[in-house]
Amino acid sequence: MKKAAFIDRDGTLIEEVNFLSNVDDLKIFDYTHEALDLLRANGFRIFVVTNQSGIGRNLYDEAAMHSIHEAMNERLGDRIDAYYFCPHLPDAGCMCRKPNLGMIEAAQRDFEFELEGSWMIGDKGLDIKTGMNAGIATAMVLTGYGSKHLDQLDRQPDIVADNLIEAVRRIV
């Protein structure tokens, strides 16, 4: 049975753009393709899990977010198994917003994989807390908000890496 890599989108797979809503602003890190290929070659399913409160703030609509995911799929050659997102505001109390486990639980319903051996990779404290809440290993990348959020964590992640490819090399 495969394991899973749950990966934050903004600041981890792609460059951080505050409330990314336009495909023209999408910039995939140069090493993202290689990192995803390495995960896949080592038996991982790959899921993007992303809080998208810009939808709840009416800064952009869900269609704009889906356009970005479609563009990512085109540029990444369908390396992502599925995209999961939370459109709610931070104080909405929903179960899908990281650090809650709604997106991970949705992936478990949709795909077969084991949590044992799975990882959560991201650039924010919320990503690390999500992995810890799920009982899986965690990797924080220092791209995006990572360098700012690292010192704010209550518990340290299993891996701290400069970027996604470094984290993946250490995971596999």
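This is a predicted model: local features need pLDDT of at least 70, side-chain atom pairs count only at pLDDT 80 or more; totals for chains, interfaces and linings use all residues.
**Exercise 1.** Work out whether strand β5 is buried or exposed, and which strands it pairs with.

*Solution.* 
- Start with the side chains. In a regular strand they alternate between the two faces of the sheet.
- Here, Ala137, Ala139 and Val141 point one way from β5, while Thr138 and Met140 point the other way.
- Now check burial, taking under 20% relative accessible area as the cut-off. Five of the five residues in β5 (residues 137-141) pass, so the strand is largely enclosed by the rest of the structure.
- Next, look for partners. Strand β4 (residues 114-122) runs parallel to β5 and is joined to it by four bridges; Met120, for instance, is bridged to Thr138.
- To get from β4 to β5, the chain goes through helix α5 (residues 125-134), making a right-handed β-α-β crossover.
- Strand β6 (residues 159-161) is also parallel to β5, with three bridges between them. Met140 has Val160 as its bridge partner there.

**Exercise 2.** Find which residues touch the most other members of the largest nonpolar core, and which element supplies its largest share.

*Solution.* 
- Among the 33 residues of this core, the ones to pick are Ile7, Leu13 and Ile121.
- Take Ile7. Leaving out residues up to four places away in sequence, its contacts include Leu36, Phe47, Val48, Ile121 and Leu164.
- Then go through the elements. Those supplying at least two residues each include β1 (3-7), α1 (32-41), α3 (62-76) and β5.
- The largest share, five residues, belongs to α7.

How values were computed:
Residues are numbered from 1 along each chain as its sequence is written. Side-chain values use heavy atoms; hydrogens and water are left out. Buried means under 20% relative accessible area, exposed over 50%, partly exposed in between (1.4 Å probe, protein chains only). Two strands pair if DSSP finds at least two bridges between them. A crossover is right-handed if, with the strands pointing away from the viewer, the path from the first strand over the helix to the second runs clockwise. A nonpolar core is a set of buried Ala, Val, Leu, Ile, Met, Phe, Trp, Tyr and Cys residues joined through side-chain atoms within 4.5 Å. Contact means heavy atoms within 4.5 Å.
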